[in-house]
Amino acid sequence: MISRSLFILFSIASLLNCRFTQAESAADVIAAVQPKVVKIFGAGGLKNLANYGSGIIVSPDGHIVTVWNHLLDSDVVSVVLYDGRRFFGRVIGTDSRKDVAILKIDAKELPFFDINQTSQVGPGASILAFSNVFKVATGDEPVTVMQGVVSAKTELAARRGRYKVPYDGEVYLVDAVTNNPGAAGGALTTIDGRLLGMLGRELKGNNNTWLNYAIPMSELQQSIEDIVAGKISRKNDPLASSTKLKTKPYKSTDFGFFVVPDVVARTPAFVDSIIDDSKAEELGLQPDDLIVFANGELVHSVKTFNEVLGQLVGGDDLQLIVRRGDNLITITFIVPRD
Amino acid sequence: MIEQQELRLRDFAQLCVLAVLVCDPQSVWSQSTSIASTNEVKLVVPDAVLHAEQSRIEVIDRVASSVVAIFAPKGEGGGSGVLISADGFVVTNFHVVQGLGGFMKCGLNDGLVYDAVLVGIDPTGDVAVIKLLGRDDFPFAEIGDSDTVRMGDWTYAMGNPFLLADDFQPTVTYGMVSGTHRYQYPAGTFLEYTDCIQVDTSINPGNSGGPLFNDNGQLIGINGRISVEKRGRVNVGAGYSISINQVMHFLDHLKSGRIVDHATLGATVTSTSDGTVVVAKILDSSEAYRRGLREGDELISFAGRPVRSVNQYKNILGIYPKGWTVPLSYQRDGKRFDVPVQLASLHRQAELAGDPSQPPSMPDDKEDKPPIPIPHLNLEKKPEVPEEYLSLYEEKDGYANYYFNFQMQSQLMAAIRQWGDFKAQPRMWALDLRNQQGEPFQIRMQPTAIAAKFANEFAVLELTEEFTDAPTGSGGLLAALEQLKQLLLDPYNFFTEFYYVGSEPLDGTGERVNVLYSSKGLLSTRWYFSQADQRCVGFDTAIDEEHDACRIRIPALKEFSGVQFPSQLHILSGNETWAILDVTALNFLDPTAKGAP
């Protein structure tokens, strides 16, 4: 049953592909979408946090939809239009449940996507993805376009912790590698350029796999309208108002313990001592525990442990698996905000 | 932090085995239709789909024979390449052949292994040329025009990713052009991707050096680099292909057997808030400075392309070899200037002359990794190279393979020797010329000095002293004629450096000419030979790097005193014609004879 539907899906996908193969206007479709996608430059630049991203223009007056992420933690972000014009973008509202934020730039008569006229498609539909991946495009250079097929429309079930996302609604999963650094906030469109959704933040699934997905515009439409209408602002979004990007990497002492000094090339990550009345003490971490996994990553040494700490963001989970004697013990911290 | 890395083929040993799902479209179709029929769901495949599929199959069939699998002589790694001519020239990446030495083994999709010899390398542009041996009827790819590539175009990448094919049938991936005219910052030392094509076509380790074809099977790029980040060193949907137009600009340079350099304008530029690109700094010894370019001037266009960002400027600069002349337009105070500029070398020779036989350093590995012990690494096993091919590789400082340079020198010098036997003549040359007003112009060239007399002026150049630009304004006509005399007499003993450069459009816009280079002290000369008929059509002599050259163009040869010599010298310096002189006589006199002037 399943395999049969898969084959039929494949056939449909191929049919849709063919439409594109025939279309003499692939370049025209792309050229029509490009002016409605912007490059965003903001906070970040540390560790694996990119300081660049993407956004979709949804009004002629400069309302831009993007992903609510660390990029927006600086007071202003820089928004670069397709023609190279550069604007200061101001966050006018966020809805962290939908992982969405709206930026406003002072511009008029911009080309835009009408959020009342977006499309929905099922699995097998051919898609295009437009975004500022890897900061390949600067100035008036067009953003990257990729092609692929919707693999599924399903509920998001991403890994918690470092790649946690508050959104748990429906997403389009696609077979192209759409969600690289900088892609968040980019546009997913049909093969003929109709808006389907917004490319989401980078998310790691189980088994060290990465998700390639977009949040359908139908999921975002109400939030976008509410923010633009002033009904939701950043201040009354509980999750958004409290988050600040931590500029210094976390250390083990932020969790209430010391690891042994990093003296040789591969010092095993043993817990050296526990700070009194600390979270570590409360959770039962003990001296001489050997940290073997941190957030699912194998800890080879003190150095790799510190790397994991360095990638944490306030509010994440830090899950440690430690070896004590012959036992493996799991301890989960919540990463403190400043 | 994102690392932009070029693919390193030698990493195969470290790559884990990857599961690769191969989808055969035909079997899928047959299964889907059979399932459909049992369930009485009628599935009609539109003709357009079948035609598109058929056309893909035909394109792949047609071009696959030009795709080359390149292996290190000891089989410890490899990459890809593409044949571009029937005599076996193959374009690949520099980083594929780096460290492989002079000879390598290559496979084609006929299943055969061929010997190949290194020809030339371009470390900055990450391009190399090798030559397959043993046939003169190799299949080769049709060259496309990468400037016509548009976002959304379909492309095929072909090559040898993960060294999958034991029978050298190239792997084909299919995808879309994601961006054109992309600029990718230098990775490691000076390797830089300018004006490249970005694709979502899967490019993986082992694809390096392989071809990117357009939908018609024309070669539009050489795949060489991918964006990688936390997902590992495999395709993440952003691959970069060196544009074939850049490769073709450099092709004759690469065939010269040299280590080829890129170019600079001698100026740095910056973009302003209003979107213009202005000169931030300029060397006053550069040609652009001599053509009037100054700090603060706004660039309008460069090599015929508009300049609206620093990346665009770098993109344009990156696709030309040093020595090429390209048009530059700039404006100052609302006034526009259009000048030709000859591009200077980006690197000093010593910077570039890394030994190509040495393995590459790994500048893009951010972490220090302990060396992986490879058994018998130090037991040098020489690759088996057939005896007959050994003479095709000649090591020399500054060259990837001097053999190919010497071949071209010999070919071009044959054209010079056709002028006649100048060695047999006495060493004092008496050259009588006449300008377009009919006024006489006399030049007497002795072994130690040259004198010129024209109108009421008199110019002397002592050959034992430093060369000057005499006569004033000519850029050094007398020095240039002395170089010509030495070229005709005994170039190999006289010149310090003497090599074949490659080719370029004469004066930026003219016919494509082969270029020979000679130097003596600070004096340098570039000799131009028509690619159409091998004729020497002119030469430029510069008394040093900071002066405009004396540029002499030779419309035709004529017989004088038993030898061939230019019937006219068209002399330019800077951007101006200095004189057009008709040769009326050339006589060879014994300098010791009585009555010599």
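Biologist: How many bridges join strand β8 of chain A to strand β9 of chain A?

Modeller: In this predicted model, β8 (residues 144-155) and β9 (residues 170-174) of chain A run antiparallel. One residue of this pairing is A:Glu155, with A:Glu170 in β9(A) as its bridge partner. The number of bridges that join β8(A) to β9(A) is 5.

Biologist: In what order do the strands of the closed barrel run in chain A?

Modeller: The barrel is closed and holds 6 strands with antiparallel pairing. From one strand to the next, the twist averages 45°. The order in chain A is β7-β8-β9-β12-β11-β10.

Biologist: Which strands of the sheet does helix α2 of chain A touch?

Modeller: Helix α2 (residues 26-33) of chain A packs on the sheet, and its direction makes about 45° with that of β7(A). The strands touched, in chain A, are β7 (126-131), β8 and β10 (187-190).

Biologist: Against which strands of chain A do the buried residues of α6(A) pack?

Modeller: Helix α6 of chain A spans residues 302-310. Its buried residues include A:Val302, A:Phe305 and A:Leu309. The buried residues of α6(A) pack against β13 (257-259), β15 (290-294), β16 (297-298) and β17 (317-324) of chain A.

Technical notes
Residues numbered from 1 in each chain as written. Chains lettered and ligands numbered in written order. Predicted model: local features only at pLDDT ≥ 70, side-chain atom pairs only at ≥ 80, totals over all residues. Heavy atoms only, no water. Buried < 20%, exposed > 50% of the residue type's maximum accessible area, 1.4 Å probe, protein only. Helix = DSSP H or I, 4+ residues; strand = E, 2+ residues; numbered from the N terminus. Contact = heavy atoms within 4.5 Å. Pairing = 2+ DSSP bridges. Axes fitted to C-alpha atoms, helices over the stretch in contact; angles between N-to-C directions.
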